[in-house]
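Hi,

Here is the structure I said I would pass on.

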Amino acid sequence: MQLRSGVKGSVASGRNAQPKPAVSRVGGARRGAASTKPVATVPGVQAQRPTPASRSRAVIVRADQHGAGEDGMRLAHTGEVPFKKILCANRGEIAIRIFRAGTELGLRTVAVYSPADRLQPHRYKADEAYCVGTADMQPVSCYLDMDAIIKIAKEAEVDAIHPGYGFLSENAAFARKCAEAGIVFIGPKPETIEAMGDKTAARRAAVECGVSIVPGTNNPLSSPDEARDFAAKYGYPVILKAAMGGGGRGMRVVRHESEMADAFIRASNEARSAFGDGRMFVEKYVEEPRHIEIQIIADHYGNVVHLYERDCSVQRRHQKVVEVAPAPKLPNSTRKALYDDAVKLARHVGYRNAGTVEFMVDKDGKHYFLEVNPRVQVEHTITEEITGVDIVQSQIKIAGGASLTSLGLGTQADVPPVYGFAIQCRVTSEDPEQNFQPDTGRLEAYRMPGGPGIRMDGAVTTGNVISRYYDSMLAKVIASAPTFKMATQKMQRALAEFQIRGIKTNIPFLENVMRHPDFLSGEATTFFIEQHQRELFNFERHGSLRSSKLLTYLADMVVNGPDHPGAIGPPPSKFVPPPLVTPDDLAGARLGGWRDVITREGPDGWAKAVRAHKGVLITDTTMRDAHQSLLATRMRTHDMLKAAPATAAILNQAGSLEMWGGATFDVSLRFLHECPWRRLERLRELIPNVPFQMLFRGANAVGYTSYPDNVVRAFVSEAVRSGVDIFRIFDSLNYVDNLRFGMDAVRDAGGVVEATLCYTGDITNPKSKYQLDYYLDLAEKLVEHGCHALAIKDMAGLLKPRAATMLVGALRQRFPNTVIHVHTHDSAGTGVATQLAAAAAGADIVDCCVDSMSGLTSQPSMGAIVNALHGTPLDTGINPQHLLPLFNYWESTRELYAPFESNMKAVSSDVYVHEMPGGQYTNLKFQAMSLGLGEEWSNICTAYAAANRALGDIVKVTPSSKVVGDLAQFMVQNGLDEKSLVDKAENLSFPSSVVEFMQGYLGQPSFGFPEPLRSRVLKGKHTIEGRPGASLGAMDLAGLEYRLKEKYGAGAISHRDVLSAALYPKVFDEYMTHVLKYSDLIEKLPTRAFLTPLEEDEEVEFEIAKGVAANIKYKAVGELQPNGKREVFFEANGVPRVVEVGDKKAEQVMGKKAVREKADLAVLGSVGAPMAGTIIEVSVKTGAMVKPGQQLVVMNAMKMETAICAPVAGVITQVAVEKNDALDAGDLVVYIDTTAVGAVEDPLSSGSDDDDEVQPEGGKKEAALAA
């Protein structure tokens, strides 16, 4: 709809009689139109008329009291009303709106506030403010205490009371009490409130004057049975409504008889809480109508006009979210009929003051009367914008006796024509990603939008606390423009300008509404939100909320210290290395590399090109196995990205970069709290030319157990799409069936298949079980199955130079066209010699890492290998001089990870005895110390070798290495040797990893299971023959995605997240819990700030998006508060910010439990409060059996009741709440034990350990320490 000259109804505006002087009789007093002297509060004393001079004075200075502002300035009384002082019996933004209107009329304003609102802005925006109610009352009840409010009004010598909306605004008894006290009630007459405010009485009045209605009850209902009788006659669905109220409170749609009783009770309780009256009425529910309301205004003399319509169709749970005036694309015939009926009904009941007549308009344009709201509406603002009529001032003037004529609205023709369009959005403290759960807390920052065409009505500011007791609305933002399209554009801009931190808001949802085509078409119905949930609930991540969560993370570390398992070394270095700079002679050069070959010629072409290459290629393991072996896999994406662009140039001739898979996937989620997929994606963007290689555990993918085939295939396909080129496929037992499946999955996805021989033993020792023929036979099977490369994975550093010559030479002779790739660890100090021997024997690619991350249990030195081969026929193609800056960068960066250093001082040739994998060596030593077995380390090494022999001398690589390590610690703890282990096995409780190995969950060992140990360990347990994953049914990934989106919000879950959850369900839940609490911005933090608390006045600056930086300075921490929390003070981008966090030591400090137990989001039976609120009903007891969906408790939050239901079946083992308990979001409500009803552990669930790592015994497959 374009700019119109006017929309004028054809209904006569009233009797058009010349009104008498504006007077009003209240309590026997005759009040004139205005007065410059105090208005008498004693009946019988007449107010004085204003003098001409009183109208001419614009402003007078009042040094003794503040006015609407707090600068000491007050407007002179305008003389337009007979009042001197008005009180608003309400709170929040409507109270401030009324104070502003009163101040503009020169009136003195009075606020009331509950004890819970003692610090809220509306208290301070009035000239006077008085507390109503007591601390032991329900906060809502304070504003419903009629006698207390009137007592305050009389003592403050108030002339008139404006009720606002909600609370007592539709309470006829309150209007009468005002009159009895000699105080003007700014609103309709009590009789009109009874006739119109009572929805059933309003329906009868509509019928009397010929206004069409939806079938419904004409009298209030007191029981669900009466509502059932109505539904039986007219059919479902029906809608229950509060007889005395509006705003969506006390309203429920009932679609089936079984829902009626509970819906009636909840709606009635909600209505009683909000309006003080729990009576209900019921009517037939009209599907998909538009909700159109007509603003009317009437005086004491029978004159009625309308101020056009508003479209309020965008609603959630019957509460308006967005309103538009006038209604776009409403047929003129319908518009005229609505105006006629609204004015007709208002005149029929003798309406006075402002009000709204609400209608439903169906698809055919037929309209039905809904109700009359005998008060000012929340959305009155948009009518003011399109007409220029100040509705609140008009209310006050009419209450003082003014006629419509004196207001310039004597006839409908006098009403200003519509100018353009206006849209209002209600900004609330609700989280749309969590089903609009109300959020509470301190507003750490609050910056409003502005500019042309934007109006803000609000009542909060930075530092205010949003409580759980009242409506969640923070502000109303109104956008006005000549056209509907322009108004939506201004609103989009205004919503984007909001800066709200500290609590969640619905702004992302409102932005989606403003962009949706159906809304922009101007034809949205009341089903708009329900019909378009996928689009409306797909949220981009909002920086303001994320930055607040980031501050919470930093504050939490200040108060409670860091929480990084395994960080037992010295603190991180304070020196932060700058991003690595590309050498001058490489800067600007084209980034060519071996990935171009893969992209251009595919995996087969790559294999041919590598075999044809004359030199030896290197694989750099710095970004995966090197830091896994030395730094517990804790290297963060942040530091890799700083080196990535220069790495792409310096190592452009490298065969590959091993930078993903293995333990990095698990640790990224579990300990670094970052998405491994995002690491892969971002590194791929910065290093487009060098092939990426990942460690892939065959049928185990990057997990530690067997998964359904469809999960593994989906994972591989997504990994290829995300940037992985080469898959090093291995099996921890060299079990061919597992290897073949992994090879098939990679080949089908288009990746390079690098099949792996896991090396153990010593082929140069004739007594070793694993001889050269064993590896050649295994390689034959893999080559026959179709691989592009063969890898030798020497995870313990057992491959001696002579053995490398023998094995590589034999493989080269047997498979002349197959790429050979060698991986080793430098545990015994022979790594460089081994790789040089392998290269000389015919290896195409050898693994190494930057010098500053090499040696010990890591890979051999890159510098040593590159320099040794430089200028020879086996030259790597890499300039040794270019490597030096790379080495220096990682040397400085390594110092940031000092807390995770293994503290190994030298190489250890005893690896040839115990054969312990490199990464496992350091991790097992740490775990032994954690278990108090540090002095037993030499015994553990001996026991490791013994455990390996007892298990049949198996290949040792994750997860088989974990089995050996667990058994070794078990033997030391129980004083067992090989013989006593077998002898006592039937009476021992073995670690779960050992039992699962014996059952066949890892596959089949090359030389079979050891007997009789296997039978004695299993004690009759079932065994698995063949590939474990083959017997697993397909996982419902679509169903998993649905459940994850239900739990975390549609916008928070991607397909990659679904795969992460499929592989690591518990770890992923923990990761998401961390992200929801602290945001994913912690990935951007500098590493020192991530690992350790900031010091006072320490400042960090980092990039959060391209061209967008954040600057944070920590200032101080406050004293412990009675609620167990501390305030932490920051400057964020130069703006002071305060964050409140719980002190986990508060219980000890205060000698009591200062904070409630929190629900564990990762445990389905741990049921938490979905929002802050008060428990009003507890429906279960400890020991009770519950079914899914069964009601546990009922909460009252922000005047709405919410039933919390059981998510799973089980037995209640803990009820953590009582009636009237006040809860914060996430507080534990009940705990349901699912195992009590026969629930079993999800066979797809998995904990994790790291590649080449062992962990102490605990829960099944649960990682005590991943590294």
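At what angle do helix α30 and helix α31 pack, and how far apart are their axes? Bear in mind that this is a predicted model. The angle between α30 (residues 862–869) and α31 (residues 880–895) is about 175 degrees, and their axes are 10 Å apart. Angles over 145 degrees count as roughly antiparallel, so α30 is roughly antiparallel to α31.

If you want to click through that contact, the α30 side has Met862, Gly863, Val866 and Asn867, and they meet Pro880, Leu883 and Phe887 in α31. Sorted by class, the contact of α30 with α31 comes to 5 nonpolar residues, 2 polar ones and no charged ones.

Helix α30 turns up again around α29 (residues 831–841). Buried residues in α29 are Gly831, Thr834, Gln835, Ala837, Ala838, Ala839 and Ala841. And what covers them? The cover over the buried residues of α29 includes α30, along with α28 (801–814), β33 (819–824) and β34 (845–848). After α29 comes glycine 842, with a positive phi near 120 degrees.

Next, a sheet. This one is open and has 3 strands in the order β11-β10-β12, with antiparallel pairing. The edges are β11 (252–254) and β12 (280–284); each has a single partner strand, so one side of each has no neighbour in the sheet. On average, neighbouring strands here are turned by 25 degrees against each other, direction ignored.

Strand β10 (residues 238–242) runs antiparallel to β12, and 5 bridges join the two. To find your place there, look for valine 238, which stands opposite lysine 284 in β12. Helix α9 (residues 224–234) lies across β10 and β12, and runs at about 10 degrees to β12.

Last, the nonpolar cores. Which members of the largest one touch the most other members? They are Trp660, Phe696, Phe715, Leu811 and Phe990, out of 196 residues in that core. Take phenylalanine 990: leaving aside neighbours within four places in sequence, its contacts are Leu967, Phe970, Leu981, Ala985, Val995, Leu1013, Val1017 and Lys1019. Another core, of 66 residues, lies apart from the largest one, and its members include Ile94, Ala206, Ile398 and Met473. As background, nonpolar side chains tend to be buried together in soluble globular proteins.

Cheers

Note on methods. Residues are numbered from 1 along each chain as its sequence is written. This is a predicted model: local features need pLDDT of at least 70, side-chain atom pairs count only at pLDDT 80 or more; totals for chains, interfaces and linings use all residues. Side-chain values use heavy atoms; hydrogens and water are left out. Axes are lines fitted to C-alpha atoms, for helices over the stretch in contact, and angles run from 0 to 180 degrees between N-to-C directions. Helices (H or I, at least four residues) and strands (E, at least two) are DSSP runs, numbered from the N terminus. Angles under 35 degrees count as roughly parallel, over 145 as roughly antiparallel, 65 to 115 as roughly perpendicular and the rest as oblique. Contact means heavy atoms within 4.5 Å. Ala, Val, Leu, Ile, Met, Phe, Trp, Tyr, Cys and Pro count as nonpolar, Asp, Glu, Lys and Arg as charged, and the others, Gly among them, as polar. Two strands pair if DSSP finds at least two bridges between them. A nonpolar core is a set of buried Ala, Val, Leu, Ile, Met, Phe, Trp, Tyr and Cys residues joined through side-chain atoms within 4.5 Å. Buried means under 20% relative accessible area, exposed over 50%, partly exposed in between (1.4 Å probe, protein chains only).
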